[in-house]
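Please explain the structure shown below, with attention to its charged pairs, its chain interface and its backbone geometry.

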2 protein chains.
Amino acid sequence: MSIELISSVRSFSGQQQQYRHHSSTLNCSMHFSVYLPQGADSEQGHHFPVLYWLSGLTCTDANFSQKAGAQRMAAELGIVLVVPDTSPRGEDVADDPSYDLGQGAGFYVNATQDPWKQHYRMYDYIVEELPALIEGNFPVNQRRAISGHSMGGHGALVIGLRNPERYTSISAFSPICNPIACPWGEKALGAYLGAETTHWEEYDASVLVGRAINHRPILVSQGDKDEFLEQQLRPEALQMAAEVCGYPIRFEHHGGYDHSYYFIASFIEEHLRFHADFLLKNDHSDS
Amino acid sequence: MSIELISSVRSFSGQQQQYRHHSSTLNCSMHFSVYLPQGADSEQGHHFPVLYWLSGLTCTDANFSQKAGAQRMAAELGIVLVVPDTSPRGEDVADDPSYDLGQGAGFYVNATQDPWKQHYRMYDYIVEELPALIEGNFPVNQRRAISGHSMGGHGALVIGLRNPERYTSISAFSPICNPIACPWGEKALGAYLGAETTHWEEYDASVLVGRAINHRPILVSQGDKDEFLEQQLRPEALQMAAEVCGYPIRFEHHGGYDHSYYFIASFIEEHLRFHADFLLKNDHSDS
């Protein structure tokens with residue numbers, strides 16, 4: 001489980017770093033970014049909790065790191081940020097000319113169909129391999145939260161709902177809430193998982209919320225000027241499912257905001273404070 | 001003086017906007033970005049002060065808008081941010097294959113040499129045309145501050161030092177402090193102004209600081225892991241010149257920081273608060 005440091009830049013008294021490693025799950029070389037608050041960039045004995053951020057269509061680990069302005073609050077609260085790429089990458093990795101399938105569009109699923117199944121296993125990568133890598137190489141504890149945007153908001157909700165024992169809290173900006181019933185989801189889930197739609201339900205937050213037994217706190221933020229709101233995101237499906245089954249999701253609707261990183265930057269402090277309440281509660285992780 | 005709105009996106013309860021206009025100074029079409037805090041995006045009678053931000057080599061108006069995280073404090077303090085492009089642009093505009101001359105590298109001078117002099121008049125554009133345009137189209141008052149990064153830090157220092165009556169305060173991140181004596185400056189000033197180096201001095205902050213009569217407050221922030229520090233930036237030349245002539249420049253040296261926007265993002269709050277002290281002092285601009 002070796003990782004190779006590509007760059008390390010000081011940010012808010014900590015370090016913003018990028019790494020490369022070989023992923024055995026994805027069967028290719030992968031990049032990820034890490035923000036280490038002051039004290040986490042050296043061996044001082046303290047172990048920090050981690051927020052995993054899953055990005056949206058076409059993004060890499062760079063977009064959130066450069067545009068969200070999350071380091072300021074991560075530094076203040078003492079939270080490590082881990083930002084993976086959005087899909088397997090490379091010349092040997094299957095791809096598609098469109099932006100919403102193939103590289104940059106992993107949708108955080110384990111593909112079962114050709115030509116995708118050889119590499120497209122982002123679900124296992126995020127749930128298993130990446131946390132093991134982070135916990136083996138950085139001064140972090142096993143308190144994890146998960147968040148993301150758009151396709152990554154979908155990923156955060158799905159992964160958090162299916163693995164409540166692994167995450168203290170879940171949040172999402174502008175998530176694809178009901179992918180089995182929107183064009184992005186139908187295209188990607190059909191390609192990666194095949195025509196049998198019952199398999200798709202394992203990756204649909206609006207379905208999974210009704211199956212959840214162990215409830216984790218969830219915060220969802222949505223702008224009402226989001227250009228993808230009605231056709232692709234369908235937050236009303238998740239909100240209705242949560243109400244029906246009594247899952248206490250905190251929905252925040254923000255007037256005038258769109259789908260961009262300007263929206264994320266405006267409310268990332270609120271999301272980090274939300275996660276901090278759970279990540280840092282009864283924190284006896286100091287060694 | 002008509003301007004055309006290209007985009008408007010909500011950010012921290014205000015609006016992040018991009019505009020296009022025809023510049024009579026630069027003789028081409030130009031883009032600029034504006035951040036309007038809440039209340040400045042509608043006609044409510046209040047007039048806001050403005051911080052002009054000048055970006056560095058290869059940048060457009062997008063880099064600072066997306067990466068600096070300045071909107072949060074601009075919203076809190078009630079300051080309009082105006083971010084111009086770094087040079088004239090277009091197919092008809094002279095250019096050079098290298099990144100440090102031509103488009104993206106205007107160095108905020110009025111060129112006197114062929115083929116540059118037809119368009120490369122960024123000094124006049126920033127000092128005269130752009131403020132007139134902003135003050136004619138937005139609810140702003142005539143309190144202006146100026147800041148910038150690298151080549152734009154040079155621009156902010158030069159323009160502020162030469163026009164103290166127009167700016168309340170001046171700041172710079174990692175500025176090119178002594179362009180007449182560094183490779184970037186020698187190349188650009190030689191091309192734009194010709195071989196006679198006495199003309200270059202009008203665009204050298206370390207020379208101008210000694211000629212300044214009306215002193216405005218200046219803040220300069222510099223990281224000590226900046227890859228351009230010794231060869232290109234030469235802050236010691238400005239610091240020494242300021243000490244010799246008794247100009248009270250506040251220099252801040254930050255350990256571990258490099259030349260990137262991660263450095264700017266870490267200290268933009270401090271710069272905005274510095275300018276706010278002067279921009280908002282005795283503010284009777286409410287109508």
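Which side chains meet in a salt bridge at 3.7 Å, N to O? They are those of Arg273(A) and Glu76(A), where a salt bridge is a side-chain nitrogen of Lys or Arg within 4 Å of a carboxyl oxygen of Asp or Glu. Arg273(A) lies in helix 9 (residues 261–279) of chain A and Glu76(A) in helix 2 (residues 71–77) of chain A, so the pair ties together parts that are 197 residues apart in sequence. Helices (H or I, at least four residues) and strands (E, at least two) are DSSP runs, numbered from the N terminus.

This is a predicted model, in which local features need pLDDT of at least 70, side-chain atom pairs count only at pLDDT 80 or more, and totals for chains, interfaces and linings use all residues. Residues are numbered from 1 along each chain as its sequence is written, chains are lettered from A and ligands numbered from 1 in the order in which they are written, and side-chain values use heavy atoms, with hydrogens and water left out.

Arg273(A) counts as partly exposed at 36% relative accessibility, whereas Glu76(A) is exposed, with a relative accessible area of 52%. Here buried means under 20% relative accessible area, exposed over 50%, and partly exposed in between (1.4 Å probe, protein chains only). Over all chains, the structure holds 30 salt bridges. Among them is the one between Arg121(A) and Asp124(A), at 2.9 Å from N to O; Arg121(A) is partly exposed at 27%, and Asp124(A) is partly exposed at 22%. Arg250(A) forms a salt bridge with Glu252(A), the closest N and O atoms being 3.1 Å apart, and Arg250(A) is partly exposed, with a relative accessible area of 36%.

The relation between the two chains comes next. A rotation of 180° with 0.0 Å of shift along its axis superposes chain B on chain A, with an RMSD of 0.0 Å; the superposition is by least squares on the C-alpha atoms of residues with pLDDT of at least 70 in both copies. The two copies are thus related as by a two-fold rotation axis. In chain B, the C-alpha nearest the axis belongs to Lys67(B), at 2.5 Å from it.

At the interface, 20 residues of chain B are in contact with 21 residues of chain A, contact meaning heavy atoms within 4.5 Å. Because 100% of the interface residues of chain B are also interface residues in chain A, the copies meet through the same surface. The area buried between the chains is about 1,700 Å², of which carbon and sulfur atoms give 54%; buried area is the accessible area (1.4 Å probe) that two parts lose on being put together, summed over both. In chain B, Arg10(B), Gln66(B) and Tyr262(B) lose the most area to chain A, together 37% of what that side buries.

How many salt bridges are counted between chain B and chain A? The count is zero. The rule does find eight residue pairs in polar contact across this interface, both at pLDDT 80 or more. A polar contact is a pair of N or O atoms within 3.5 Å; within protein, one must be able to donate a hydrogen and the other to accept it, and residues adjacent in sequence count only if both atoms are side-chain atoms. Strand 1 (3–11), helix 1 (62–67), helix 2 (71–77) and helix 9 (261–279) of chain B each supply at least two residues of the side that touches chain A. Helix 9 of chain B gives the largest share, four residues.

Arg72(B) is placed in helix 2 of chain B and is buried, with a relative accessible area of 17%. Its side chain joins that of Glu269(B) in a polar contact of 2.8 Å. Leaving aside its neighbours within four places in sequence, Arg72(B) is in contact with Arg72(A), Glu269(A), Phe12(B) and Glu269(B).

The backbone also has local features to examine. A cis peptide bond joins Asp114(A) and Pro115(A), with omega about -5°, and Pro115(A) lies in the loop between strand 5 (80–84) and helix 3 (122–137) of chain A. Tyr108(A), in the loop between strand 5 and helix 3 of chain A, has a positive phi of about 60° although it is not a glycine. Tyr108(A) is buried, with a relative accessible area of 1%.
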